[in-house]
Amino acid sequence: MRRTWIAACVLAGLAAAASGGAELQWQGSYDEAVKAAAAGDKIIMALFTTTTCPYCTKLKEETLADPAVRASLKGAVLVEMQPGSPGSDELAARFMVRNVPAVFFMDAHDGLLGKISGYVPPVRFVEFVNDAKQAAGDFVRKLADYTAKPSAASGVELVDEYLKRYQRGRIRELLAAVRKLVNEDKDITQKQRLVLSARLRIAESFVVLEGAEKPDAATELLKKAEEEAAAGTDDDVAARAGFLRAVLLLEAGRIPESAVLFEAVFSSYPKTQWGALAKRYFDAVRKEMVKAVDEARSKQDLPAAGSQSP
């Protein structure tokens, strides 16, 4: 592990030496950054900071001053966002920025490619930049695949890309066409059709939540998605749909129902990442429920849950 880290440092240093570690150039606003990126098909790096944040200063003075980092950002369009700066509040709300520093990488079409929360050292930052560049390439490939030969599989892959990139308006535009492909594609099995349909329903649930529709509509879509994925024997997609449905119930204040569903997800799909996540949520929700019961009992001078009266 140490040798790998040293090798990464050496390679990063060589790259920086080759580029000269040029000074970073910052745009005046996010709108300017989007225009500059679109003109040259470049990635955008948006850095959220405040003037009173010590780790923001550390990130700018240490990580972003590193020659290897500057070399990795060559060709990228950079913009720093602070509270009150043009477009900052809208972008912070879109990406749910809660703490700073926060870094978001977008493509020339305003699609999310990756993010960093908090301070990271130079070598790790370079890895994030490279991952963002890879994600941009993946999107271009999937868009080209769908454009060249629209199919159920390539359509759902493109919808998933838009979902990951917070471009739900584009999902809405694609949904009807891709749903038609999924229903009519004769080159896929029935199980594959069910799983692709389930993935579309998951994406559609996010679009519904962004619109004026009620959360109950999204919950029903996720329930149907889980049923389809389970019938298609894709545990990962089924677990994802079930987990997201439980989260919606939790956010709606339907805590006991969400706890039951979290438990069902990790019990049914224990080997998936969503099952493991559901277990953590279930433990946290159950803890809060026991706390609430104990508080109610204390007000009525009753013994706490799990205890006995003397």
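Close-up 1. On a 1 Å grid over the protein atoms alone, a pocket is an open set of points with protein on both sides within 12 Å along at least five of seven lines, a cavity is a set of points where a 1.4 Å probe fits but cannot get out, and lining residues have an atom within 4 Å of a point. The model is predicted: local features need pLDDT of at least 70 and side-chain atom pairs count only at pLDDT 80 or more, while totals for chains, interfaces and linings use all residues. Residues are numbered from 1 along each chain as its sequence is written, and side-chain values use heavy atoms, with hydrogens and water left out. The lining of the largest pocket consists of 29 residues, and Met96, Leu163, Tyr166, Arg168 and Phe206 lie nearest the pocket centre. Two or more lining residues come from each of helix H5 (88–94), strand S5 (112–117), helix H7 (152–164), helix H9 (190–210), helix H11 (235–251) and helix H13 (273–299). Helices (H or I, at least four residues) and strands (E, at least two) are DSSP runs, numbered from the N terminus. H11 gives the largest share, six residues. By class, the lining has 17 nonpolar, two polar and ten charged residues; Ala, Val, Leu, Ile, Met, Phe, Trp, Tyr, Cys and Pro count as nonpolar, Asp, Glu, Lys and Arg as charged, and the others, Gly among them, as polar. The volume of the largest pocket is about 1100 Å³, taken as the space filled by probe spheres set on the grid points, which are joined across faces, edges and corners.

**Close-up 2. The five-strand sheet.** The sheet is open, with mixed pairing and the strand order S1-S3-S2-S4-S5. S1 and S5 are the edge strands, and each has a single partner, so one side of each lacks a neighbour in the sheet. Two strands pair if DSSP finds at least two bridges between them. Strand S1 (residues 26–27) runs parallel to S3 over two bridges, and Trp26 has Leu78 in S3 as bridge partner. Strand S2 (residues 44–48) is also paired with S3 in the parallel sense, over five bridges, with Ile44 opposite Val77. Strand S4 (residues 102–106) and S5 are antiparallel and joined by five bridges; Val103 is partnered by Ile116 in S5. In strand S3 (residues 77–81), four of the five residues are buried. Buried means under 20% relative accessible area, exposed over 50%, and partly exposed in between (1.4 Å probe, protein chains only).

**Close-up 3. Surroundings of Ser258.** Ser258 belongs to helix H12 (residues 255–268) and is buried, with a relative accessible area of 0%. Apart from neighbours within four places in sequence, Ser258 is in contact with Ala246, Leu249, Leu250 and Val285, where contact means heavy atoms within 4.5 Å. Phe282 is 24 residues away from Ser258 along the chain, and their C-alpha atoms are separated by 8.2 Å.

**Close-up 4. The Cys53 and Cys56 disulfide.** One disulfide is found in a search of the whole structure, a disulfide being a pair of cysteine sulfur atoms within 2.5 Å. The disulfide joins Cys53 to Cys56, with an S to S distance of 2.4 Å. The link is right-handed, with 90° about the S-S bond. Cys53 is buried at a relative accessible area of 10%, and Cys56 is buried at 1%.
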